[in-house]
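Here are my notes on the model, as numbered points. Please read them with the structure open.

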Amino acid sequence: MSIRSTVGTTLRKTLGGRQTERLRRREVAARTTVARRIAPPQVAPKPTPLNRQQMIDALGRAGVEGLGAGSTLPKGLHWVSADPFEHTSSGVHKHALLARMHELLQPRTYFEIGVDQGQSLTLSRARSIAVDPAYRITREIRCDVQTFVQTSDDFFATAGAFDHFGELPVDLAFIDGMHLAEFALRDFMNIEKRMSPGGVVILDDMLPRNSLEGQRIRRTSAWAGDVYKVDDVLRRHRPDLTILPINTEPTGSYLVVGLDPTSTVLDEVYPDELPRLSAPDPQTVDAEWCRRTHAHEPSGIMSSPVWADVRALRDSGAGAGAYAELWEQLRALP
């Protein structure tokens, strides 16, 4: 029999089982304290920080879409610094262009996809409809607005979705929703069916400044996604449209007029275009597109006298054909 067993047996006979167990616990605690002082517990070393390329790869594996300013990154990840930009900045923010279009067109109705905190919605003074599945408006809104907390696909599929506009079509639309090409194209297809003859659609994030900003999975703070692919689809299948890429910050604007609500061309070609639109990363954005070589400067668009004529024709109830010369003037802008 060991010494510990002999001592334990003697104590139980002398002090009783309960008191002996109490003494045993005290002894174990004392021995543990002494052991910790002699040999402190090992602290796991901190993980080595990821370099930039490793962080890019980790974000890609995490599948972080990063929609909205309130998105939470997985632990240990952060947005990486931007790749170099090769375009010359206009210094004009996308919301400055949108604000000016509100002033020039004085739209009767305004529609937007992608509300977020309400920055763009603050610019409207028209009867408005705004759609976003997770908006969190923090700004003062000064228009007659109806908001929808749902995806744009669900909104367009809802009977009576546009009842707030009564019999009026949409005069100005701003698409700034899901940063993925197939969603942006569907949003354009759906809203075109509701536009007035002189209506204007503006798509955001169409001019990524480098291929990293143009990935489907977000890696950078300023992020365009791959909606730039919509340009190729529209130019190949809808040459009737007047399309104006505009050099705004941060990720470019894209203005479309000459809309045809009766057109079914995009509906017909969409299934065939979908595989390319939704192709997984990596995406390679054409260098000329990143340089914005063919983009218009915002000042030229915003100072054009065309918009006063567009507003006058709209207010007179003119049909689509009456705008043809005005759209040609826009096409001719340098």
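1. Start with helix H6 (181-192) and helix H8 (residues 265-277). On the H6 side, Ala181, Glu182, Leu185, Arg186, Phe188, Met189 and Glu192 make the contact, and they meet Leu266, Asp267, Tyr270, Leu274 and Leu277 in H8. Contact means heavy atoms within 4.5 Å. By class, eight residues of this contact are nonpolar, none is polar and four are charged. Nonpolar covers Ala, Val, Leu, Ile, Met, Phe, Trp, Tyr, Cys and Pro; charged covers Asp, Glu, Lys and Arg; the others, Gly among them, are polar.

2. A word on basis. This is a predicted model, in which local features need pLDDT of at least 70 and side-chain atom pairs count only at pLDDT 80 or more, while totals for chains, interfaces and linings use all residues. Residues are numbered from 1 along each chain as its sequence is written, and side-chain values use heavy atoms, with hydrogens and water left out. Helices (H or I, at least four residues) and strands (E, at least two) are DSSP runs, numbered from the N terminus.

3. How do the axes of H6 and H8 cross? They come within 10 Å and cross at roughly 170°. H6 is therefore roughly antiparallel to H8. The crossing of H6 past H8 is right-handed. Axes are lines fitted to C-alpha atoms, for helices over the stretch in contact, and angles run from 0 to 180 degrees between N-to-C directions. Angles under 35 degrees count as roughly parallel, over 145 as roughly antiparallel, 65 to 115 as roughly perpendicular and the rest as oblique. A crossing is right-handed if the near helix is turned clockwise from the far one by less than a right angle, and left-handed if anticlockwise.

4. H6 also packs with helix H7 (residues 229-237), at an angle of about 45° and with the axes 9 Å apart. That makes H6 oblique to H7. This crossing, too, is right-handed. Ala181, Ala184, Leu185 and Phe188 in H6 meet Lys229, Val230, Val233 and Leu234 in H7. The contact has seven nonpolar residues, no polar ones and one charged.

5. Check the cavities. The whole structure holds four of 30 Å³ or more. H6 and strand S5 (195-204) each supply at least two lining residues. The lining divides into five nonpolar, two polar and four charged residues. On a 1 Å grid over the protein atoms alone, a cavity is a set of points where a 1.4 Å probe fits but cannot get out; lining residues have an atom within 4 Å of a point. Grid points are joined across faces, edges and corners, and a volume is the space filled by probe spheres set on the points.

6. Helix H11 (residues 306-316) and helix H12 (residues 324-331) pack at about 160°, axes 10 Å apart. H11 is therefore roughly antiparallel to H12. Here the crossing is left-handed. Among the contact residues are Trp307 in H11 and Trp327 in H12.

7. Look at the backbone too. The Glu249 to Pro250 peptide bond is cis, with omega near 0°; Pro250 sits in the loop between strand S6 (242-246) and strand S7 (253-257). Asp281 and Pro282 are also joined by a cis bond, with omega about 5°. Gln106 has a positive phi, near 45°.

Key: 1 Å grid on protein atoms, 1.4 Å probe; cavity = no way out; pocket = protein on both sides within 12 Å on 5 of 7 lines; lining within 4 Å.
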